[in-house]
Amino acid sequence: MVKEARTRPALLDEALAFGGPIIVFDQVDLAFDEKVILRQVSFTLQTGHTKIFLGASGAGKSTILRLALGLLKPDGGRIFVNGEQIDGMNEDQLMAVRADLGMVFQEGALFDSLTVRENVGYKLFEELQWPIDKANGRVEEVLGFVGLQQFIDRMPSELSGGQRRRVAIARAMAAKPRILLYDEPTTGLDPITCLTVDEEIVKLRDLEGVSSVLVTHQLRDAFFVAEHAATRRNGDVTFEKADREKGDQAEFIMLKDGRIHFEGNASELRRAAAVDPYMQSFLS
Amino acid sequence: MTGKIQEWSKAAVLEVQEYVRLLAQVGRAAVTPPIYYRDIIEQFESIGIGSLTVVLLAGLFTGMVLALNSGMTLDRFGAKSMVGQLISASMVKELGPVLSGLMVSGRVGSGIAAELGSMLVTDQIAALRALGTDPIRKLVMPRVAAGVLMMPLLSILATGIGMVGGWIVTVLQFHVASTVYWTSVVQGLYMQDIWMGIIKPIFLGLTIVTIGCHVGLRTTGGTQGVGNSTKLAVVASSVAVIAVDFMVTKVMIVLMY
């Protein structure tokens, strides 16, 4: 039986059209034993927009992605993804919610016993049970999108760090999710490869209409994603400086001690950093 | 001191609770869809065929050494024709299942813990869940199914080859006729013994694989943690093999003898 990606009821589809609240965190708390990770964290990701989480190591950035995916459960507060409250769901219900989410893990988290083709097409082959030809076609398409079509039959161990991240992006986008979560996708990569990964994130957002949450502590990458737009002209993709309206669709959230310390767009972040010593130290 | 005992007790209770929860999840995964048949077949090959050599070698030499030792003793009483009975009774009921269990726990239990532990610390388990796959159904259930179904077969083969090993030594060392040996083997066997030899490895297979999976999925602390999990899986499953062997034997004696 061929399963397609999840469809939403028409009314919900309308409510979650461009600009609608596709991910909502409402006063979310989380602690591991005595250690408080998140306190009263609230934010809304609008459809087609990007949220960029900044903060020191251990500030709770990656935890937010795991909560959005249902890999962790909050101690308090509510989390809505795609119009459904997920904080009280069991694993079976969460599997359905995850059909519309893709996540790029910090080190790629590729399955090392599978080829690039099997990794990228994992969800299509194993979970959605697409016919082989259709799934292979989609795998080739997304690998072409990230420029790695020639590596389709390689094993992950034969790829460089940057190629692994791009394969991870291809895997996350293969089933055409509406939301993509990136957990420090450029950490440990050289500047040129970082730029390639950043461009993939911008392409997915602007050309595929994917809503994104990006967790990073690489400011250069964060500002590139926030301040650039991708357009396709005559089949070629070009990147240019985003206009003000487009720039406002990328919002920064800075976490400090488990709380939201700052929330705003790129220019507001720069202005706030001029007067806030913590942000100044982080941005400098 | 009291604090440490309390901490240890809490940790032990938590481990038991998580292990029982894993068993319940596996039970549910075994009877509700989706079932990953391809992975089950792969695990049959990995656990069953992969363990064959080590189990056969262990069975062969155990049968041989058993014949050597018991043959020498029985020879003093002029009863070396009874070696076959001793070998069949001990191999079928006890040594076949337990030695196969110990061999499988060393090879399979450690391998499962290392594989699942590595997948956990490199976020591959989280990636599986993110892609909509339940790791219990995809990774644990196929291994448990293979362990439960392959262990009796491995045990039967180890027992069989052990008898062959005993035959080689009995014939060559003690100059007992082949027909005398094999007649003695059959005389030493009762239907209850055969049932015990088949049922016991089912529980041993379940124990070895579920301990390997449980330990692997609770790995913490990066690559060092994977090493620790591997060691723990071998130690825990080896001890559990002996303990489960005793318990199942006790229950079966009450029920069948």
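Which residue stands opposite A:Phe53 in S8(A)?

A word on what we are looking at. This is a predicted model, in which local features need pLDDT of at least 70, side-chain atom pairs count only at pLDDT 80 or more, and totals for chains, interfaces and linings use all residues. Residues are numbered from 1 along each chain as its sequence is written, while chains are lettered from A and ligands numbered from 1 in the order in which they are written.

Back to the opening question: the residue opposite A:Phe53 is A:Val215. These two belong to a pair of parallel strands, S3 (residues 50–55) and S8 (residues 211–215) of chain A, joined by four bridges. When I say strand or helix, I mean a DSSP run, numbered from the N terminus: E with at least two residues for strands, H or I with at least four for helices. Two strands pair if DSSP finds at least two bridges between them.

Now step back to the whole sheet. It is an open one in chain A, with six strands in the order S6-S7-S8-S3-S11-S12 and mixed pairing. At its edges are S6 (101–104) and S12 (259–264) of chain A, each pairing on one side only. Ignoring direction, neighbouring strands here are turned by 15° against each other on average. For angles in this talk, axes are lines fitted to C-alpha atoms, for helices over the stretch in contact, and the angles run from 0 to 180 degrees between N-to-C directions.

Lying across S3, S7 (179–183) and S8 of chain A is helix H8 (residues 191–208) of chain A, which runs at about 155° to S8(A). H8(A) also packs with helix H7 (residues 161–173) of chain A, at an angle of about 10° and with the axes 9 Å apart. H7(A) and H8(A) are therefore roughly parallel to each other; the cut-offs are under 35 degrees for roughly parallel, over 145 for roughly antiparallel, 65 to 115 for roughly perpendicular, and oblique for the rest. Among the residues that meet are A:Arg165 and A:Ile169 in H7(A), and A:Val197 and A:Leu204 in H8(A). Contact means C-beta atoms, placed from the backbone, within 7 Å. The residues of this helix contact divide into four nonpolar, three polar and three charged. Here Ala, Val, Leu, Ile, Met, Phe, Trp, Tyr, Cys and Pro count as nonpolar, Asp, Glu, Lys and Arg as charged, and the others, Gly among them, as polar.

Chain A has another open sheet, with four antiparallel strands in the order S2-S1-S4-S5. S2 (35–46) and S5 (84–85) of chain A each have a single partner strand, so one side of each is left without a neighbour in the sheet. Five bridges join the antiparallel strands S1 (residues 21–32) and S4 (residues 76–81) of chain A, and A:Val24 stands opposite A:Phe80 in S4(A). Helix H2 (residues 61–69) of chain A packs on this sheet, touching S1, S2 and S4, with its direction at about 115° to that of S1(A).

Do look at A:Gln27, in strand S1 of chain A. Its phi is positive, about 50°, although A:Gln27 is not a glycine. Is A:Gln27 buried or partly exposed? Partly exposed, because A:Gln27 has 13 C-beta neighbours inside 10 Å; buried takes 20 or more other C-beta atoms within 10 Å, exposed 12 or fewer, and partly exposed is in between, with C-beta atoms placed from the backbone.

Next, a hairpin: S9(A) and S10(A) have two residues between them, and A:Asn234 in the turn has a positive phi of about 50°. S9 (residues 228–233) and S10(A) run antiparallel and are joined by six bridges.

Finally, chain B. Its helices H3 (residues 83–121) and H7 (residues 191–217) pack at an angle of about 15°, with axes 8 Å apart, and are therefore roughly parallel to each other. The residues of that contact divide into 19 nonpolar, nine polar and four charged. Elsewhere, a cis peptide bond joins B:Pro33 and B:Pro34, with omega about 0°. B:Pro34 sits in the loop between H1 (2–31) and H2 (37–76) of chain B.

And how do the chains meet? Eleven residues of chain B are in contact with 16 residues of chain A. On the chain B side, the residues divide into four nonpolar, four polar and three charged.

Conventions: Two residues are in contact if their C-beta atoms, placed from the backbone, lie within 7 Å.
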